[in-house]
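Hello,

Here is the structure you asked about. Please look through it first, then read my notes below.

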Amino acid sequence: MTAPMYLELFDRNPFGTNCWLLGGDGDEAVVIDPGFDTDGIHERLRRSGRRPVAVLLTHAHLDHAGEAGMFAGDDVPVLIHGDDAVAYDDLERWNPGFENPLEPVKDLRTIEDGERVRLAGLSIEVHHTPGHTPGHCSFEVGTTLAAGDLVFAGSIGRSDFPNSSPEAMRRSLRWFLTLDDGVEVLPGHGPRTTVGRERASNPFLADLG
Ligand SMILES: [Zn+2]
Ligand SMILES: [Zn+2]
């Protein structure tokens with residue numbers, strides 16, 4: 001029998017962005033999308049007896065990634081898809097005319113579709129799910145999917161930014177629908193849901209062509 005996954009939500013910020021704290025056995029944790037309140041997230045981890053070993057970013061929008069560099073400091077790597085890592089080098093090339101201030105990251109590492117990263121006692125599969133941004137990723141851990149701004153309960157992420165692609169978004173949403181109904185979805189905003197519930201009731205998934 002495997003121990004239940006450590007899972008906490010930290011969402012103390014003005015954008016209502018979810019920061020997910022995940023871990024397996026032991027005292028380590030990975031932190032998904034620490035966009036705000038570095039001290040608050042560290043405090044939450046301390047209270048849970050966990051130390052962060054990596055930051056995973058679903059994408060480079062400031063509400064998900066703004067403070068990631070500050071949170072990670074000198075020792076913790078920050079993982080992001082290469083197409084959104086561009087935001088750290090050249091914001092204007094990544095998303096022309098878009099205001100998106102990011103704290104610099106000391107140890108930025110890129111991840112790719114299909115890659116499996118082993119961190120904090122977890123095996124995490126990276127799925128490149130572009131559309132909202134070019135390098136948007138979703139992270140599959142067991143029967144849980146951290147979906148960022150791909151799918152929300154009853155809604156989906158925007159695909160009308162300068163660097164969005166509605167066509168890529170449709171492909172990513174079709175991929176989402178290939179997942180089992182029982183997969184629990186941890187969205188980037190709003191409450192948790194499941195693939196089955198969204199398949200049955202999310203109007204934005206009803207007609208993808
Ligand atoms: Zn976003
Ligand atoms: Zn967002």
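Which residue in S6 is the bridge partner of Val-78? The answer is Leu-108. Keep in mind that this is a predicted model.

That bridge belongs to the pairing of strand S5 (residues 78–81) with S6, which run in the parallel sense and share four bridges. In general, strands of a sheet pair through backbone hydrogen bonds, either parallel or antiparallel.

The whole sheet is open and has six strands, in the order S1-S2-S3-S4-S5-S6, with mixed pairing. Strand S1 (6–10) and strand S6 (108–111) are at the edges; each has a single partner strand, so one side of each has no neighbour in the sheet. From one strand to the next, the twist averages 25°.

Helix H1 (residues 38–47) touches S1, strand S2 (19–23), strand S3 (28–32) and strand S4 (51–56), and its direction makes about 150° with that of S1. Helix H4 (residues 82–89) touches S5 and S6, and its direction makes about 115° with that of S5.

Next, a residue from another part of the chain. Leu-150 lies in the loop between strand S10 (144–148) and strand S11 (151–152). Is Leu-150 buried or exposed? Leu-150 is buried, because 27 other C-beta atoms lie within 10 Å and the cut-off for buried is 20 or more. Leaving out residues up to four places away in sequence, the contacts of Leu-150 include His-132, Ser-138 and Phe-176. Ser-138 is 12 residues from Leu-150 along the chain, and their C-alpha atoms are separated by 7.8 Å.

Regards

Notes
Residues numbered from 1 in each chain as written. Chains lettered and ligands numbered in written order. Predicted model: local features only at pLDDT ≥ 70, side-chain atom pairs only at ≥ 80, totals over all residues. Pairing = 2+ DSSP bridges. Helix = DSSP H or I, 4+ residues; strand = E, 2+ residues; numbered from the N terminus. Axes fitted to C-alpha atoms, helices over the stretch in contact; angles between N-to-C directions. Contact = placed C-beta atoms within 7 Å. Buried ≥ 20, exposed ≤ 12 C-beta atoms within 10 Å, placed from the backbone.
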